[in-house]
Amino acid sequence: MTENTQEPQYNTPIEDDLQQNGAAGSLDDRISELESQLAEAQAAVLYVKADGENIRRRAMDDIEKARKFALEKFSNELLAVKDSLDAALLIEATDVQSYKDGVQITANQLTSVFDKFNIAEINPLGEKFDPNKHQAISMLENSGEPNTVTSVLQKGYTLNDRVLRPALVMVAK
């Protein structure tokens, strides 16, 4: 008895294809099939890349528009205050009280705009000095408690609890 000691053969898909369909014709078919798959894959990659670029460009445009028009609502509200000031300048009456009343109405309009956009006034008279909200101009000898604001030279303002401008103050020694 003779034993048959042949090892199993493992062929690649291309070799299997060659054995089944003949060498020359099927190799060209397989190459063209792979080339078309490659072309499809390249087109898909280009599509994804272009789509990503379009998304990035649109996002940059949106950011630019947001930056450009961020103050639009605030500006529209300030226009009413400007109109009041212009109207005050057109008044022919020389009565000081009418000017004072007009200025008071305009100040109220401005305060309303500030409230609407979370701009708060810092008026720290009598409070402890806070270097995060106040800027000391000088220190005065005073009978009051040390490090207390004795006078406010210029009010400060915050926007959403962030200091826009610190209050200029004088502090007791």
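Colleague: Which residues does threonine 106 touch, not counting those up to four places away in sequence?
Modeller: Threonine 106 touches Val81, Ser84 and Leu85. Contact here means heavy atoms within 4.5 Å. Keep in mind that this is a predicted model: local features need pLDDT of at least 70, side-chain atom pairs count only at pLDDT 80 or more, and totals for chains, interfaces and linings use all residues. Residues are numbered from 1 along each chain as its sequence is written, and side-chain values use heavy atoms, with hydrogens and water left out.

Colleague: Where is threonine 106 found?
Modeller: In helix α4, residues 96-116. Helices (H or I, at least four residues) and strands (E, at least two) are DSSP runs, numbered from the N terminus.

Colleague: Is threonine 106 buried or exposed?
Modeller: Threonine 106 counts as buried because its relative accessibility is 7%. Buried means under 20% relative accessible area, exposed over 50%, and partly exposed in between (1.4 Å probe, protein chains only).

Colleague: What lies 2.9 Å from a polar atom of its side chain, that of threonine 106?
Modeller: The backbone oxygen of glycine 102.

Colleague: And which residues of α4 are buried?
Modeller: Gly102, Thr106 and Val113 are. They sit on the same side of α4, because they cover an arc of only 35 degrees around the axis. The arc is that of the directions from the helix axis to the C-beta atoms. On the other side of α4, Val96, Lys100 and Asp115 are exposed.

Colleague: What do the buried residues of α4 pack against?
Modeller: Against α3. Valine 81 has its place in that helix, residues 72-90. Valine 81 counts as buried, because its relative accessibility is 7%. Leaving out residues up to four places away in sequence, valine 81 touches Thr106, Gln109, Leu110 and Val113. The C-alpha atoms of valine 81 and valine 113 are separated by 8.8 Å, and the two residues are 32 apart along the chain.

Colleague: What should the 21 residues of α4 span?
Modeller: At 1.5 Å a residue, α4 should span 30 Å, and its end C-alpha atoms are 30 Å apart, which agrees. The expected span is 1.5 Å times one less than the number of residues. Just after α4, asparagine 118 takes a positive phi of about 60 degrees.

Colleague: Switching to strands. How many bridges pair β1 and β4?
Modeller: Four, in the antiparallel sense, with β1 at residues 119-122. Two strands pair if DSSP finds at least two bridges between them. Isoleucine 122 has glycine 156 in β4 as its bridge partner.

Colleague: Which face of β4 is covered?
Modeller: The one with Gly156 and Thr158. Tyr157 and Leu159 make up the uncovered face of β4, residues 156-159.

Colleague: What about β4 and β5, how many bridges join them?
Modeller: Three, and the strands run antiparallel, with β5 at residues 162-165. Threonine 158 has valine 163 in β5 as its bridge partner. Their hairpin has two residues between the strands, and asparagine 160 there takes a positive phi near 50 degrees.

Colleague: What order has the open sheet of three strands?
Modeller: β2-β6-β3, with mixed pairing. The edge strands are β2 (134-140) and β3 (149-154), each pairing on one side only. Neighbouring strands of this sheet are turned by 30 degrees against each other on average, direction ignored. Axes are lines fitted to C-alpha atoms, for helices over the stretch in contact, and angles run from 0 to 180 degrees between N-to-C directions.

Colleague: In what sense do β2 and β6 pair?
Modeller: Parallel, over six bridges, with β6 at residues 167-172. Alanine 136 has valine 169 in β6 as its bridge partner.

Definitions and conventions
Polar contact = N/O pair within 3.5 Å; in protein donor to acceptor, adjacent residues only side chain to side chain.
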